[in-house]
Amino acid sequence: MSRLAGKIALVTGAASGIGRESALLFAANGARVVCVDLSGDDNAATAADIKRTGGSAIALTADVSLASDMEGVVAATVEEFGALHVAFNNAGIMHSEDSDAIETQEGIWDLTMGVNAKGVFLGCKYEIPAMLESGGGSIINTASFVAVMGAATPQIAYTASKGAVLALTRELAVVHARQNIRINSLCPGPLRTELLMNFLDTDEKKKRRLVHVPMGRFGEAAEMAQAALWLASDEASYVTGTDLMVDGGLSAAYVTPEG
Ligand code: NAD
């Protein structure tokens, strides 16, 4: 498999979940991968796993919500591999105290927006100039199905941050459409990853969430990685500014088979 042969790919949140699966899949498809995460050890493990299977990767510890960190990450990428063609701005947080507007504290809002929305902005801010130097590229920003659907189990800061990702992605896609840079959002449905399983911490909560998914199961991080790979690859050469829903039919449903 060589759908990303010759490409240099940067993946944030590469220590875990979607980011880890995507880093491994991108590398298996021929990309040289820069794994970025706050979590040093687990991120290093992703890069080590890529190298163990004959791929090429480096691990960088960085906080996506800090401009200096993201500037440094892109500079280190270009220094190590000489270019940047694919960026998957995927790192994100979901805070357990994120609730409705009345309950949610200002600090939770700022923290969530800082990582999920500003982190994506800062990624684009430094990745786009590097891609222009590299002759073009593909940026994928992780949003969520909650950016397009409301829930009575609110996470107002998280939901708003993901809406921001859709909006900024769309606008940047238009701005850079004639510069050979494609920019798309990936909207995962509810996944069987640590992030969501920690939030839905009882069987009852998990069951309640699944009622709304036509497929009747949580998605897998590996299924998101496949979608990200397609958006990253030249197979998606006419795709920009879109919100790709990968959600088991959730956003299409009014009434599901379970009612
Ligand atoms: P995860 O918790 O398994 O992975 C997220 C990674 O991001 C972690 O390794 C974490 O250390 C890293 N991270 C967090 N804050 C960071 C920061 N400031 N700087 C650098 N790295 C940081 O979660 P996941 O399920 O793989 O989520 C990945 C993305 O998918 C997130 O943006 C999340 O909002 C989104 N998403 C997840 C689901 C789901 O159900 N899991 C659904 C929709 C969208």
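Predicted model: local features only at pLDDT ≥ 70, side-chain atom pairs only at ≥ 80, totals over all residues.
Local features were taken at pLDDT of at least 70 and side-chain atom pairs only at pLDDT 80 or more, whereas totals for chains, interfaces and linings use all residues. Residues are numbered from 1 along each chain as its sequence is written, and side-chain values rest on heavy atoms, with hydrogens and water left out.

The shell around the ligand comprises 27 residues, of which Ser 16, Ile 18, Asp 37, Tyr 158 and Thr 193 come nearest (a residue is near if one of its heavy atoms lies within 4 Å of the molecule). At least two residues of this shell are supplied by each of helix 1 (17-28), helix 5 (156-175) and helix 6 (194-199), helices being DSSP runs of H or I with at least four residues and strands runs of E with at least two, numbered from the N terminus.

Among the polar contacts (pairs of N or O atoms within 3.5 Å), a polar side-chain atom of Tyr 158 lies 2.6 Å from an oxygen atom of the ligand. A nitrogen atom of the ligand is 2.8 Å from an N or O atom in the side chain of Asp 63, and a ligand nitrogen is 3.5 Å from a polar backbone atom of Ala 62.

One aromatic pair was counted, the criterion being ring centres of Phe, Tyr or Trp (its six-membered ring) within 6.5 Å, with planes under 30 degrees apart taken as stacked, over 60 as edge-to-face and the rest as tilted. The ring centres of Phe 26 and Phe 88 are 6.3 Å apart and their planes stand at 35°, so the pair is tilted. Because Phe 26 belongs to helix 1 and Phe 88 to strand 4 (residues 86-89), the pair ties together parts that are 62 residues apart in sequence.

Key
Polar contact = N/O pair within 3.5 Å; in protein donor to acceptor, adjacent residues only side chain to side chain.
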